[in-house]
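Please look over the structure before reading on.

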Amino acid sequence: PAMADPGGSQRTALLAAASLFPVPDGATFSYGTAGFRADGSTMAPAVCRAGIVAALRSVKLGGAAVGLVITASHNPVGDNGVKIVDADGGMMSQAWEPFSDALANAPTPDALLQLVLQFAKDEGITLGGAHSAQVLLARDTRPTGEYLLDVATKGISAIVGSVALDMGILTTPQLHWMVRNKNRGLKASEADYFTQITESFRHLLELTPDDKGIDELNEKLIVDGANGIGGLKLEQIKPNLARLDILVRNSGKEGEGILNERCGADFVQKEKVLPLGFGPNDVGVRCASFDGDADRLVYFHVTSPSKTSVDLVDGDKILSLFVLFIREQLDIINGKDNKGLLPTRFGVVQTAYANGASTEFLKNLGLEVVFTSTGVKYLHKKALEYDIGVYFEANGHGTVLFNDDFVSRLESLTARLSEAAGSPQKQAALRLLATSQLINQAVGDAISGMLLVEAVLQHKRWSFQNWCDLYTDLPSKQLKVKVKDRTAIVTTDAERKVCQPSGLQELIDKEVVNYSHGRCFVRPSGTEDVVRVYAEASTVEAAESLAKSVARHVERILG
């Protein structure tokens with residue numbers, strides 16, 4: 001029934017929600033790659049307004065489920081944040097970020113109301129309750145999470161006709177997976193997620209060539225859970241994982257340790273030292289590290305009993321392992337000339353921060369490697385252009401995307417291939433299908449990524465050392481240069497070249513030619529008034545020297 005007072009109760013609801021959580025003086029929120037993040041105690045206004053945005057997004061998309069997760073990922077435990085998951089299970093559409101910023105910073109309830117009404121008009125969104133909208137909610141283990149989840153619910157209900165569904169305490173990738181599945185009419189509960197990844201993992205292991213026995217040491221894996229949600233979830237599914245002996249440390253159990261404090265993927269990858277709880281007894285054992293909300297994964301080795309430094313396997317090397325495995329299956333199906341049964345556009349997507357040695361390794365395999373600007377949303381979007389697109393950032397966030405149409409072709413091919421004598425082609429096709437089920441199709445996922453790594457290592461009968469030896473990372477150095485105005489730097493070619501201010505790129509080029517394997521780029525930070533300098537060369541000293549000389553040019557030109 002049409003409302004007698006179109007928008008009357010809607011106006012009231014918005015004004016009421018806005019008055020509950022006024023924006024404190026001087027606070028500004030900005031929706032970045034990570035959504036809104038700040039000290040947990042100051043997050044309520046932004047979280048309430050993100051609830052409004054999520055509900056509007058669902059209305060705009062005809063009632064499709066949208067997600068909202070309360071997390072600050074690898075940040076310290078006192079911080080919290082909020083991220084919106086779009087209907088496809090990916091990041092919220094960038095086109096909506098300016099509105100989210102404006103809404104989060106609207107100074108008064110009336111200003112907020114006007115913004116929503118204007119935006120709804122611009123976007124052709126009908127307000128007033130005749131529609132239905134649904135937002136799936138989740139949070140990580142932070143102490144402020146429960147309160148902020150309640151705040152988000154109040155924001156969602158400020159859009160008349162919206163329903164908030166609390167999915168519980170989840171890893172960020174689990175919520176992304178649920179939103180994607182729900183909108184595809186597939187099973188979308190946490191139990192379904194666990195079943196899908198444990199079953200596809202078991203299936204992959206059954207498809208490993210079992211001509212040799214399993215080495216006991218290779219079954220053992222120690223996981224640093226960052227005292228976050230990932231460790232808790234891993235404990236839950238551990239009993240259902242065949243041929244894998246997992247020990248979880250920093251699991252996030254009561255009284256165990258502090259979230260992300262001297263542990264977690266971000267800490268291990270940046271500092272290249274052992275996380276808390278690891279030591280001399282772990283020499284020679286494979287170790288993995290999740291970040292606080294379990295969307296990043298790195299592996300490492302304790303090098304010697306006396307050292308705290310680690311042999312690190314970062315996102316680039318995880319990507320390389322996945323690429324080798326997928327490529328091997330495609331070669332079995334198609335023959336080396338790829339003229340076979342399953343023509344496949346297979347692409348690898350990296351950013352300028354990817355280690356030059358990994359890029360060279362991938363190109364030497366004859367793969368198509370393309371670059372995008374820094375940020376998962378750019379990588380993901382590019383990877384979607386392929387039949388199989390693989391992307392990873394060095395920090396350990398990444399995944400493998402299988403195009404729907406390609407999966408259908410793969411399924412019908414698998415059905416056609418004979419079982420005769422365990423046809424290698426059929427086995428390879430089944431491995432690819434199992435991989436597409438195991439690796440999270442929505443977003444980078446530490447748990448499913450780790451299981452794929454483990455399956456591939458068992459398939460190849462590789463030790464950690466074999467994996468490390470794929471290629472040797474070039475030494476790199478990163479510096480930050482404080483500047484008055486970071487927007488003075490404009491880049492092109494996926495941030496690998498500077499086009500403004502003029503003359504700077506020529507200076508960088510002049511420095512780079514002095515170094516063997518030299519590479520250097522500069523880009524403005526997305527969050528603070530600094531310019532980031534990244535340099536690579538064949539030795540640590542050379543990389544540092546190159547970074548410093550380029551940083552001096554940046555300082556001189558930008559002040």
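Asp295 and Lys83 are both buried, where buried means under 20% relative accessible area, exposed over 50% and partly exposed in between (1.4 Å probe, protein chains only). This is a predicted model, in which local features need pLDDT of at least 70, side-chain atom pairs count only at pLDDT 80 or more, and totals for chains, interfaces and linings use all residues. Residues are numbered from 1 along each chain as its sequence is written, and side-chain values use heavy atoms, with hydrogens and water left out.

**Salt bridges**
- Asp295 forms a salt bridge with Lys83, the closest N and O atoms being 3.7 Å apart; the term means a side-chain nitrogen of Lys or Arg within 4 Å of a carboxyl oxygen of Asp or Glu.
- Asp295 is in the loop between strand 8 (286-290) and strand 9 (297-302) and Lys83 is in strand 3 (residues 79-85), so the pair ties together parts 212 residues apart in sequence.
- A network of salt bridges links Lys83, Asp293 and Asp295.
- Glu495 and Arg523 form a salt bridge, with the closest N and O atoms 3.1 Å apart.
- Glu495 counts as buried at 11% relative accessibility, and Arg523 counts as buried at 10%.

**Sheet**
- Three strands form an open sheet in the order 15-19-18, with antiparallel pairing; strands are DSSP runs (E, at least two residues), numbered from the N terminus, and two of them pair if DSSP finds at least two bridges between them.
- Strand 15 (476-482) and strand 18 (519-524) each have a single partner strand, so one side of each is left without a neighbour in the sheet.
- Strand 18 pairs with strand 19 (residues 530-536) over six bridges.

Methods
Helices (H or I, at least four residues) and strands (E, at least two) are DSSP runs, numbered from the N terminus.
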